[in-house]
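Please open the model in your viewer and keep the sequence panel beside it. The stops below say what to select next and what is there.

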Amino acid sequence: MPLYSELIAGLKRGTHGRIEAKVPDDWLQGRTTYGGLTAALCLESALELVPDMPVRAAQVAFIGPVGGDVVISPSVLRRGKSSAFVNADLVTEEGIMARCIFTFGAKRPSKLDQRSRACPDVKGPEDCPSFFGERRPNFANHFNIRLAGGNRPMSGAEHGDMTLWLRHKDEGALWNATTLLSLADAPPPAAMSMMTEPAPISSMTWMAEFLSEEITTTEGWFIAHHEAQATRHGYSSQSMRLWNASGDPVLIGRQTVAVFG
């Protein structure tokens with residue numbers, strides 16, 4: 001079972017950010033690659049084209065199942081003095097299976113310094129139970145996930161809302177935007193806690209915004225809050241927030257999730 005850092009180190013890199021990779025089965029989420037890894041691989045390619053500015057936002061469309069041999073080809077859509085937009089397409093033999101647009105932006109002076117929501121007050125990860133039971137998707141074996149608030153999947157909760165501690169098991173992973181993106185999508189959609197029995201569920205889109213240029217935390221732990229804000233007609237609109245272990249905000253996001261049950 002290759003670790004995340006080993007997978008990144010083993011990428012075949014070409015010119016102009018092109019990346020070739022083979023996704024092993026232990027990174028699958030059902031019949032497709034875990035979405036966080038798909039997004040992270042695309043960002044890894046985009047970073048080659050804009051090495052001098054930090055990434056500020058990611059917009060990801062999960063078009064089809066990703067697995068096996070993949071090729072990622074990035075292209076600069078526009079570049080200015082202080083910002084850049086990069087498109088990255090992940091392609092398999094079936095065609096384009098994921099399309100990402102990454103926004104890069106240089107740091108600039110500002111009088112504004114505001115945070116929209118404080119980190120939840122929760123017990124430490126050592127005092128919280130494991131989120132998954134004996135059954136878990138393949139990719140989840142690469143992460144430690146602990147339940148700090150809310151309910152587990154298929155618990156019949158009235159509202160889809162959960163707070164979790166997240167950590168890569170891979171202690172060799174370098175903490176940067178790519179690694180954070182690979183971790184942030186690890187929890188299942190919050191709407192699953194409202195279900196009473198298993199049913200197919202699939203992320204369709206994911207938007208993430210990075211709130212810090214330097215990704216740091218204690219012992220690899222991050223606090224995540226996921227909430228299903230509207231769930232109807234077979235779709236769920238979900239908000240996501242991520243803080244480091246000290247309570248500093250590092251990422252916010254949204255997801256559109258297809259619910260088949």
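Select Ala-57 and look across to strand β11, where Glu-209 stands opposite it. This is a predicted model. Ala-57 also has a bridge partner in β8, namely Thr-103.

Now widen the selection to the strands themselves. Colour β5 (residues 55-62) and β11 (residues 201-210): they pair in the antiparallel sense over five bridges.

**The whole sheet**

Select every strand in the order β1-β2-β6-β7-β8-β5-β11-β14-β13-β12-β10-β9. These twelve strands form an open sheet with antiparallel pairing. Which strands are at the edges? They are β1 (12-13) and β9 (143-150), each of which pairs on one side only.

Move along to β12 (residues 222-232) and β13 (residues 235-244). Ten bridges pair these two strands in the antiparallel sense. To pick out one of the bridges, select Ala-228 and its partner in β13, Gln-238.

**Two helices on the sheet**

Next select helix α2 (residues 35-47). Helix α2 lies across β1, β2 (19-23), β5, β6 (68-79), β7 (83-92), β8 and β11. Relative to β8, helix α2 runs at about 60°.

**Salt bridges**

How many salt bridges does the structure hold? There are eight.

Start with Glu-44 and Arg-13, whose side chains meet in a salt bridge at 2.8 Å, N to O. Glu-44 is in helix α2 and Arg-13 in strand β1, so the pair links distant parts of the chain, 31 residues apart.

Go on to Asp-69 and Lys-22, which form a salt bridge with their closest N and O atoms 3.8 Å apart. Asp-69 is in strand β6 and Lys-22 in strand β2, so this pair ties together parts 47 residues apart in sequence. Both residues are exposed: the relative accessible area is 54% for Asp-69 and 57% for Lys-22.

Then select Glu-213 and Arg-56, whose side chains meet in a salt bridge of 2.9 Å, N to O. Glu-213 lies in the loop between β11 and β12 and Arg-56 in strand β5, so the parts tied together here are 157 residues apart in sequence. Glu-213 counts as partly exposed at 40% relative accessibility, and Arg-56 is partly exposed with a relative accessible area of 26%.

To finish with the charged side chains, select Lys-12, Arg-18 and Glu-20. Salt bridges that share partners join these three residues into one network.

**Aromatic rings**

A search of the whole structure finds nine aromatic pairs.

Select Trp-27 and Phe-143. Why is this pair edge-to-face? The ring planes are at 80°, and planes over 60 degrees apart count as edge-to-face. The ring centres are 6.0 Å apart. Trp-27 lies in the loop between β2 and β3 (28-29) and Phe-143 in strand β9, so the pair ties together parts that are 116 residues apart in sequence. Trp-27 is buried, and Phe-143 is buried too.

Now go to Phe-131 and Phe-132, an edge-to-face aromatic pair with 5.1 Å from centre to centre and 80° between the planes. Phe-131 counts as buried at 2% relative accessibility, and Phe-132 is buried with a relative accessible area of 14%.

Notes
Residues are numbered from 1 along each chain as its sequence is written. This is a predicted model: local features need pLDDT of at least 70, side-chain atom pairs count only at pLDDT 80 or more; totals for chains, interfaces and linings use all residues. Side-chain values use heavy atoms; hydrogens and water are left out. Two strands pair if DSSP finds at least two bridges between them. Helices (H or I, at least four residues) and strands (E, at least two) are DSSP runs, numbered from the N terminus. Contact means heavy atoms within 4.5 Å. Axes are lines fitted to C-alpha atoms, for helices over the stretch in contact, and angles run from 0 to 180 degrees between N-to-C directions. A salt bridge is a side-chain nitrogen of Lys or Arg within 4 Å of a carboxyl oxygen of Asp or Glu. Buried means under 20% relative accessible area, exposed over 50%, partly exposed in between (1.4 Å probe, protein chains only). Rings of Phe, Tyr and Trp (its six-membered ring) pair if their centres lie within 6.5 Å; planes under 30 degrees apart count as stacked, over 60 as edge-to-face and the rest as tilted.
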